[in-house]
Amino acid sequence: MTDITNITLYTYFRSSCSARLRIALHLKSLPYTSIPINLLKDEQRAPTYGTLNPSLTVPSLIIEHGTKQTTTITQSLAALEYLDEITSSPKTPSLLPPPSDPETRATVRTLASIIACDVQPVTNLRILKRVGPLGMDRAAWSKDLIIEGFRAYEAIVEKTAGRFSVGDCVTMADVCLVPAVWGAERVGVDMGEYPVIRGVAERLEGEECVRRGHWRGQEDTPGEFRVQ
């Protein structure tokens, strides 16, 4: 593990991309400071935040090192792979299978990309704000696109799943999947149509890293949504 001195995560409680990193950081037992960015109040558009993250999105992961320049990563998949690369140790859970198994690594990356590239970008808040004025029902829009992505994900994990999406260890695919399931449930997707995904997600909910990264338990989660 490199000489990490401090980790800061700019996050929003309901952001699925932020949740990926929260789960991964807890999985790897990496303590971090959380700085909430309220997307509903457009706090991501503040000039100071725009300097940090020109995309005006969350998450932003800031890692300070003892002997080299601070690292800033503003895309969640890049951040997940970076965390894996700097914490390679037999004692630290890895988000990807070992380099000696490139085929399985490709499967994990494929599943993560189905969520991160095919589903999330077209169902996030920035897009939903644009489709509403065009006459689209925002929930129906999200539901249809999530269903398409979940069909593809299910077709693959039918062949690869053990306890989790690929075998019996939590991978990058899982830390992308479970926040997507939370979003699917909010818009009324029938998870019974995807029995393998549902089973994987239920087992993930029992993992400490997922419980600690859950959107209902963050410091910026409004009281009405908090787990009592």
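Reader: How far is the sulfur of Cys17 from the closest cysteine sulfur, and in which residue is that one?
Author: The closest one sits in Cys176, 8.1 Å away, so that is too far for a bond. Before we go on: this is a predicted model, where local features need pLDDT of at least 70, side-chain atom pairs count only at pLDDT 80 or more, and totals for chains, interfaces and linings use all residues. Residues are numbered from 1 along each chain as its sequence is written, and side-chain values use heavy atoms, with hydrogens and water left out.

Reader: OK, and what about the sulfur of Cys117?
Author: Its closest cysteine sulfur is in Cys176, at 8.9 Å, too far for a bond.

Reader: Is Cys17 buried or exposed?
Author: Buried, at 10% relative accessible area. Cys117 is partly exposed at 46%. Buried means under 20% relative accessible area, exposed over 50%, partly exposed in between (1.4 Å probe, protein chains only).

Reader: Switching topic: where is Val131?
Author: In helix H5, residues 125-131. Helices (H or I, at least four residues) and strands (E, at least two) are DSSP runs, numbered from the N terminus. Val131 is buried too, with 5% relative accessibility.

Reader: What does Val131 touch?
Author: Leaving out residues up to four places away in sequence, Met136, Arg138 and Trp141; contact means heavy atoms within 4.5 Å.

Reader: And how far is Val131 from Glu103?
Author: They are 38 Å apart in space, C-alpha to C-alpha, and 28 residues apart in sequence.

Technical notes:
A disulfide is a pair of cysteine sulfur atoms within 2.5 Å.
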